[in-house]
Amino acid sequence: MDNRRFSWIDLGLGEIDKAIKVLSAPARSSREAPAAPEGAALPAPQRAESARLMRVNHSGEVAAQALYQGQALTSRDNTVSAAMRLAAAEEIDHLAWCEQRLRELDGRTSVLNPLWYAGSFAIGALAGALGRSTGLGFVTETERQVESHLRGHLERLGEADPRSRAILEQMTHEEMQHGAQAAALGGQELPFPVGMAMRLTARLMTLGSYWL
């Protein structure tokens with residue numbers, strides 16, 4: 001067992017290293033991307049729309065990495081910190097799947113990802129510092145909103161892009177599991193104004209990543 005105590009400088013450098021890896025290095029998944037038949041070649045407008053939607057989802061996974069890492073850093077509950085780091089590791093698969101699909105669609109990641117990472121890390125760190133129930137409640141609400149967002153994208157994709165659909169369907173299932181886990185660990189319902197502010201922030205990220 002490692003009993004070393006790290007200074008805030010050490011921890012800060014560690015978080016910078018994690019941020020650089022998420023934002024710059026190709027994500028490596030531990031599982032194959034969900035498979036689906038390729039189907040007919042996508043018409044140019046559908047291909048462009050699929051690429052934009054997958055770019056938004058990739059940005060969401062970048063933000064999820066930051067949210068979980070920020071909360072794990074400031075939480076004073078070892079169980080919560082461990083759960084957040086495990087969730088971040090599982091979300092790496094989602095990040096990698098979105099990157100892979102973007103390459104297949106000749107798309108690109110959002111130039112605003114560093115902004116989404118920094119903002120989400122700060123929010124996660126604040127949530128972790130506010131205590132177990134509030135921090136886990138924040139995660140529960142986040143995953144609930146992500147689930148709703150993914151279902152909306154599935155509707156917009158329709159049946160024309162089965163490969164992207166397969167990825168989003170698997171992500172939806174696993175985001176639901178992460179939200180349920182946070183609730184089971186003691187997450188409490190957040191006040192309505194907080195939930196509304198989170199939805200407005202998510203809409204801003206969605207709009208920015210869709211176009212940029």
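Colleague: How do α3 and α6 run relative to each other, roughly parallel or roughly antiparallel?

Modeller: Keep in mind that this is a predicted model, where local features need pLDDT of at least 70, side-chain atom pairs count only at pLDDT 80 or more, and totals for chains, interfaces and linings use all residues. Residues are numbered from 1 along each chain as its sequence is written, and side-chain values use heavy atoms, with hydrogens and water left out. Helix α3 (residues 78-104) packs against helix α6 (residues 162-184) at an angle of about 165°, with the axes 11 Å apart. Angles under 35 degrees count as roughly parallel, over 145 as roughly antiparallel, 65 to 115 as roughly perpendicular and the rest as oblique, so α3 and α6 come out roughly antiparallel.

Colleague: Which residues of α6 make the contact with α3?

Modeller: Contact here means heavy atoms within 4.5 Å. On the α3 side you get A87, E90, E91, H94, W97, C98, Q100, R101 and E104. Facing them from α6 are R163, S164, I167, Q170, M171, E174, E175 and H178.

Colleague: And α5, which residues there meet α3?

Modeller: Helix α5 (residues 132-157) packs on α3 at about 20°, with axes 11 Å apart. That makes α3 roughly parallel to α5. From α3, T79, V80, M84 and E91 take part, and their partners in α5 are R132, L136, V139 and E143.

Colleague: Is Q65 buried or exposed?

Modeller: Q65 belongs to helix α2 (residues 44-74), and 25 of the 31 residues of α2 are buried. Leaving out residues up to four places away in sequence, Q65 touches V22, A88, E91, I92 and Y117. Buried is under 20% relative accessible area and exposed over 50%, with partly exposed in between (1.4 Å probe, protein chains only). Q65 has 3% relative accessibility, so it counts as buried.

Methods. Helix = DSSP H or I, 4+ residues; strand = E, 2+ residues; numbered from the N terminus. Axes fitted to C-alpha atoms, helices over the stretch in contact; angles between N-to-C directions.
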